[in-house]
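Subject: Structure handover

Hello,

Here is the structure I promised to pass on. Please open it alongside this note, and I will go through what turned up.

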Amino acid sequence: MTMADDLAITSVLKESRSFAPPKAFAKAAHVGSLAAYEKLWKASVKSPETFWAKQAKEHLQWIKPFKKTLEWKRPFAKWFIGGKINVSANCLDRHCVTATRNKAAIIWEGEPGDTRVLTYQDLLREVSKCANALRSLGVKPGDRISIYMPMIPEAIIAMLACTRIGAMHTVVFGGFSSDALADRNNDCGAKVMITADGGWRKGAVVPLKVNVDLALEKSPTVKSVLVVKRVGEAGGKITMKAGRDFWWHDAVDSMANTCEPYAADSEHPLFLLYTSGSTGKPKGIVHTTAGYLLGATISSKLVFDLKADDVFWCTADVGWVTGHSYVAYGPLSNGATILMYEGAPNFPDWGRLWSLIEKYRVSILYTAPTAIRSCIRAGDQWPNKYDLTSLKLLGSVGEPINPAAWMWYRKVIGGNRCPVVDTWWQTETGSIMISPLPGAVSQVPGSATKPFLGVDAEIVDKNGKPVGKNSGGFLVIKKPWPSMLRGIWGDEARYKEQYWSQIPGVYFTGDGARRDKAGNYWIMGRIDDVLNVSGHRLSTMEIESSLVSHECVAEAAVVGRPDEVKGEGIVCFVSLQGGLAPSDKIRDQLKAHVAKTIGALARPDEIRFAEALPKTRSGKIMRRLLRDIAAGRQSTQDTSTLEDLAVLANLRQEED
Ligand code: WT7
């Protein structure tokens, strides 16, 4: 598949392609017709408080009922005021008084092939033990716990244990570097860390504990560390600092297996999750208890049409918001069985995902376009070897999915039988905002289609005026919704500025979009300096500050360029300190430096050396020009040594 094929397919698809929900699927679905969806949606945006109050009573179990549905003092929302609730009790205890108690909550497979199954009762006991261990380490409600784990059941146990005692977790993706981990620990003042000796990835050990040790040299607020023994001897020697580091099997396993859930206020802070914005500093997105849980619960149920007998597999890492809402909280709150897999999709070969689906009879698969495109590249022979007939629904998330990949997913993985839901949302929104309800809304390759219930989306110009059909504009949300972010940790001004000031009166998503005649939304991607590399969000500024922290670099500018597999690739234009000549050695050093300071996910695809960076007369770097050069739309004829961008800059002064 090439981009050219894709363009051809897109133009064909524009004419007619849309897939109505299969009749049998619609008949059994929670929402089974377009009319039913439209009726629900209209009522939900007309009277959001009535709608959400009803959902909150129906879908959540309250310790104390709420008195008032919403207090909205823009841009600050409080939902379900006066209510008391516990997230872990909703995900576990309520299922342990029904037949669900002995149902598998987590079916887990490690990369080497080892397996574990935890029923809801098992999970409740493990979570209670971990919660008791955290309490014995002095953790109090509101304290921050940083979690840096491989994809093993203890990652979910740790998250739920925090919620059980009212502590906030901040999960840091295991692919982030020790520096990135230290920054996050410091920003939120984490008191305890939970990690593992390592995790398995592509047959090798990811040295998590070594990274933690390095991070803790720079993050003094962390007083204790719980360490799961995952890889043992294979990970080499790790050090356990006496009085600070405790093996999970010593500190947790001996604890009592019951723990009274903390009665959290609806607006009690639940977790923090760092994500990249358009500055050099990641922002800690704050989510609170009841509203977040409601969003995750109801969207899991309706978007994936979740039923009691489903086996739900969301391939995201718990280090991302998708792993929070659709690996852990949403499915567990619904009493579903989830599959969790530790390792790489191509280990030992490209058949791994499909073999897992066959082995566990997975019925719902939720993954990212990058993964789908990598599988296309690896070849149909891999999925074709396995029985994928257990699948009933497919989902996509994290980046725009190109129609050709969508069509392949539907045909080769879904056997032309499964609805495909392209779900648009963000770390900030907490749960899915735009997506077809699979039994109700026709699916259109490349479009996330219609807003979820209660979501009042619009496409506007920079003054907030709606643009016409099929015109591009800014995607905004006009009304507050329960799972929306409540702020940026420690930075109220940035919260107001980033999300609620750029376009008057509404939440600004940072994405461009258009809406077609049928009312379907087409997401066009970020319009700010945020890159989306393999569905992971990275800030160009963060990479630039990493580059300029290297002794050889005078100036750096980072832009994205289209990438057939990863969606976007990272291209860095660098001018070196006086007297230094460009070389492959420096190029490699710079790539390694970025990977070391941020994480391997930020490793540049290309470093290009320039005499000086092209600037406008007022001194702004000409990013649009650099993007064109990076994408090959404009040639400098010279990528080997030192590019002279000044000439091009002179031709393009209109950017000023
Ligand atoms: C950004 C949010 C949502 C969880 C994973 C990413 C892009 C997300 C889609 C989609 C087109 C998408 C947007 C958004 N994005 N889903 N279905 N189609 N673009 O969360 O790291 O907070 O990133 O990802 O640009 O703003 P995130």
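**Cis prolines**

P348 sits in the loop between β17 (337–341) and α13 (352–360). The peptide bond from F347 to P348 is cis, with omega about -5 degrees. Keep in mind that this is a predicted model.

There is a cis bond between R74 and P75 as well, with omega about 0 degrees. P75 belongs to the loop that links β1 (68–73) to β2 (76–81). Most peptide bonds are trans, so these are worth a look.

**Positive phi**

Most residues other than glycine have a negative phi. D305 is not a glycine, yet its phi is positive, near 45 degrees. You will find D305 in the loop between α11 and β16 (311–314). Is D305 buried or exposed? It counts as buried, because its relative accessibility is 3% and the cut-off is under 20%.

N416 also has a positive phi without being a glycine, at about 55 degrees. Its loop runs between α16 (403–413) and β20 (420–423). N416 is partly exposed, at 44% relative accessibility.

How much of α8 is buried? Eight of its eleven residues are, so the helix is largely enclosed by the rest of the structure. The buried ones are S178, D179, A180, L181, A182, R184, N185 and C188. They pack against strands β6 (144–148), β7 (168–171), β8 (192–196) and β14 (269–275), and against helices α9 and α19 (584–597). Directly after α8 comes G189, with a positive phi of about 65 degrees.

Now the pairing with α9. Helix α8 (residues 178–188) packs on helix α9 (residues 208–218) at about 45 degrees, and the axes are 8 Å apart. That angle makes α8 oblique to α9. Their crossing is right-handed. On the α8 side, the contact uses S178, D179, L181, A182, N185 and N186. On the α9 side, it uses N211, V212, L214, A215, L216 and K218. Sorted by class, the α8–α9 contact has six nonpolar, four polar and two charged residues.

A reminder for reading such lists: an α-helix has 3.6 residues a turn, so residues three or four places apart point the same way.

**Helices α4 and α11**

Which way does α4 lie relative to α11? The packing angle between α4 (residues 48–59) and α11 (residues 289–303) is about 85 degrees, with the axes 10 Å apart. The two helices are therefore roughly perpendicular. From α4, the contact takes F51, W52, Q55, A56 and H59. From α11, it takes L294, T297, I298 and K301. By class, the α4–α11 contact holds five nonpolar residues, three polar and one charged.

**Cysteines**

C162 is buried, with a relative accessible area of 0%.

Best wishes

How values were computed
Residues are numbered from 1 along each chain as its sequence is written. This is a predicted model: local features need pLDDT of at least 70, side-chain atom pairs count only at pLDDT 80 or more; totals for chains, interfaces and linings use all residues. Side-chain values use heavy atoms; hydrogens and water are left out. Axes are lines fitted to C-alpha atoms, for helices over the stretch in contact, and angles run from 0 to 180 degrees between N-to-C directions. Helices (H or I, at least four residues) and strands (E, at least two) are DSSP runs, numbered from the N terminus. Angles under 35 degrees count as roughly parallel, over 145 as roughly antiparallel, 65 to 115 as roughly perpendicular and the rest as oblique. A crossing is left-handed if the near helix is turned anticlockwise from the far one by less than a right angle, and right-handed if clockwise. Contact means heavy atoms within 4.5 Å. Ala, Val, Leu, Ile, Met, Phe, Trp, Tyr, Cys and Pro count as nonpolar, Asp, Glu, Lys and Arg as charged, and the others, Gly among them, as polar. Buried means under 20% relative accessible area, exposed over 50%, partly exposed in between (1.4 Å probe, protein chains only).
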